[in-house]
Amino acid sequence: IRENDPNTRILGYQHSVIPQAAANMFPSKREMSKIPCPDLVLTTGVVPAAILTKYGAFPKERIVVSCALRYNYLDQAPPQPRHRPDSRGKPRILVALCGVVETLSLYTYVIDQADNNTNVEFLIRPHPALPLEDLRALAGGVRNLPSNITISTNSAVMDDIVACDAVLYWGSSVALEGIRLGKPAIHFDPHDMLSYDPLFALKDFKWVVSPESDLMALFDRIQSMPDVEFNEQLDRARRYVIAYHNPVSAELLAPFLNFRVNSVSQL
């Protein structure tokens, strides 16, 4: 763009989540001197702005806190009541897959867990960029799924979150949405060299499983938490994810709308 018009001002927008594995979002000082960069980077909230500042060399004064345009449907959504195992038949876990082939390890883990735990239901939500048919082919076959696995057909992610008791994820932003709605987040860690967990800095209301873990043993521990501890952790986690995804407002939209008229320094 600047080859055609060196005076063009470019606005970057961090629109979703930032795992530590997103190395391209953390340029070094040396890279900053050699690669094209936007004049400003707007973030969805205070938390991602702090992450970008901590791990990258992009100038702090050019990182501006804005709002989360994709997640405004959550702004008026209160946390759902906690479900006890005996209050609604079998517990149900939402499996939030990503649109990259690395999500395959979570998919195969869930199949194994479903085979070994027939007293729990799994609701798999494929990513539109990687349909289930493609994922099953990557898994080496099209074996029938265990009977306690259901594939989501809902267009709205909120419908799936509300229908479940926890969210199992690898790198999906659905984990943050689940916490907003009061659902425990369970991160699947396949021992990647870099962390794809968008909630890597969160310690509350988040649990971790690995390919060797018994998912239901962990889920039972979560379910057995006293209400006081459960709600205290949920409250701290909700404050974190709300600071990650600011609500849309005229004030927070201003950096988008005023960008053309405000002068910014060029690289």
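Figure 1. The model is a predicted one, in which local features need pLDDT of at least 70, side-chain atom pairs count only at pLDDT 80 or more, and totals for chains, interfaces and linings use all residues. Residues are numbered from 1 along each chain as its sequence is written, and side-chain values use heavy atoms, with hydrogens and water left out. Pro247 belongs to the loop that lies between helix H8 (227–244) and helix H9 (250–257). Helices (H or I, at least four residues) and strands (E, at least two) are DSSP runs, numbered from the N terminus. Leaving aside residues up to four places away in sequence, Pro247 touches Cys67, Asp75 and Leu252, where contact means heavy atoms within 4.5 Å. Between the C-alpha atoms of Pro247 and Met193, which are 54 residues apart along the chain, the separation is 33 Å.

**Figure 2. Cysteine residues Cys67 and Cys37.** Cys67, one of the residues touched by Pro247, is buried, with a relative accessible area of 0%. Cys37 is also buried, at 7%. The structure holds zero disulfides, a disulfide being a pair of cysteine sulfur atoms within 2.5 Å.

**Figure 3. Strand E4 and its pairing partners.** Strand E4 (residues 92–96) is largely enclosed by the rest of the structure, because four of its five residues are buried. With strand E5 (residues 121–125), E4 pairs in the parallel sense over five bridges; two strands pair if DSSP finds at least two bridges between them. Ala96 stands opposite Arg125 in E5. From E4 the chain passes through helix H3 (residues 104–116) to E5, forming a right-handed β-α-β crossover. Right-handed here means that, with the strands pointing away from the viewer, the path from the first strand over the helix to the second runs clockwise. E4 also pairs in the parallel sense with strand E7 (residues 166–169), over four bridges, and Leu168 in E7 is the bridge partner of Val95.

**Figure 4. The largest cavity.** The structure holds two cavities of 30 Å³ or more, and the largest has a volume of about 90 Å³. A cavity is a set of points on a 1 Å grid over the protein atoms alone where a 1.4 Å probe fits but cannot get out, and lining residues have an atom within 4 Å of a point. Residues lining the largest cavity include Gln80, His83, Asp165, Lys183 and Phe230.

Conventions. Buried < 20%, exposed > 50% of the residue type's maximum accessible area, 1.4 Å probe, protein only. 1 Å grid on protein atoms, 1.4 Å probe; cavity = no way out; pocket = protein on both sides within 12 Å on 5 of 7 lines; lining within 4 Å. Points joined across faces, edges and corners; volume = space filled by probe spheres on them.
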